[in-house]
Amino acid sequence: MEIYTKEDFKQMFIDLGIKKGSFVLLEADLSRYSGLVGDYQMLIETLQELITDTGCLCMPCFSYSCLDPACLENKYPFEAWKDVRENLPGYHVLYTPSEVYKDCTNLFLHYKDVYRSNHPVYSFAYWGSFDEKILKVDVNDALSFNGSLAMCNKKNACNLLIGIEPEKSIMVQAFAHEYQLGQIIVQRAFFHSKRRLTKSFLVHVVDDALAKDLLEGLDVLESKSYLDCVYALRKAE
């Protein structure tokens, strides 16, 4: 069996244009691979060493469990919605687990100097150099280049996908927001509070056909390593 070490991954990332000072939005699912020495810990620490704290490593840490039951299709019967609303703990920046790319993102949240944004559903975690204002963006800008993904506008920024197809990139979602495309839905979520605080916000729903069209706005570079499905996506100039 072929094995892949930190040095293999570091060279892979360098070949994709990632370097000291880069902003990296990481989406990673390693379940399709074998022989990775250190798995997610190795992945996170390799990126940290490469970009250093002059760059920034960012991951989505979404928490759909904080949504109002009316926003969760078929999860709870209508008759139970009142009880669910009264008993939901709500979003807490420290306690609420991430529900996307769980093995990677929940490990990342335990690292020193990792800070998580305040959106009750679409939060992001950041390590390195970033403007702290990004931790408190408007609830309607969580998936936009004007809000949580503002750093993706930089020349040294990329969305690193490992085990994820480009059509699933969060940057595709941000383009839908930017161009006001796709179905727009209203969602509502709860915060961790004795006063049962809630927030409502708009989300753009992107289907597979629209996702492929929106990829036209991105430069997609595929790794030439032996590992398949590794990409660096950047906003096209």
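This is a predicted model: local features need pLDDT of at least 70, side-chain atom pairs count only at pLDDT 80 or more; totals for chains, interfaces and linings use all residues.
**Stop 1: Ser98**

Select Ser98. Now show the surface. Is Ser98 buried or exposed? Its relative accessibility is 2%, so Ser98 counts as buried. The cut-off for buried is under 20%.

A polar contact of 2.8 Å links the side chains of Ser98 and Thr105.

Then widen the selection around Ser98. Leave out its neighbours within four places in sequence. What is Ser98 in contact with? Pick out Pro60, Cys61 and Phe62, then Thr105, Asn106 and Arg116.

**Stop 2: Thr52**

Go to Thr52. Look for the loop between helix H2 (39-51) and strand S2 (56-60). Thr52 has a relative accessible area of 22%, so it is partly exposed.

Check the backbone here. Most residues other than glycine have a negative phi. What is the phi of Thr52? The value is positive, near 60°, and Thr52 is not a glycine.

**Stop 3: Asp113**

Finish at Asp113. Where is Asp113 found? Trace the loop between H4 and strand S3 (114-116). Asp113 is partly exposed, because its relative accessible area is 43%. Exposed would need over 50%.

Look at the backbone of Asp113 too. Its phi is positive, about 65°, although Asp113 is not a glycine.

How values were computed: Residues are numbered from 1 along each chain as its sequence is written. Side-chain values use heavy atoms; hydrogens and water are left out. Buried means under 20% relative accessible area, exposed over 50%, partly exposed in between (1.4 Å probe, protein chains only). A polar contact is a pair of N or O atoms within 3.5 Å; within protein, one must be able to donate a hydrogen and the other to accept it, and residues adjacent in sequence count only if both atoms are side-chain atoms. Contact means heavy atoms within 4.5 Å. Helices (H or I, at least four residues) and strands (E, at least two) are DSSP runs, numbered from the N terminus.
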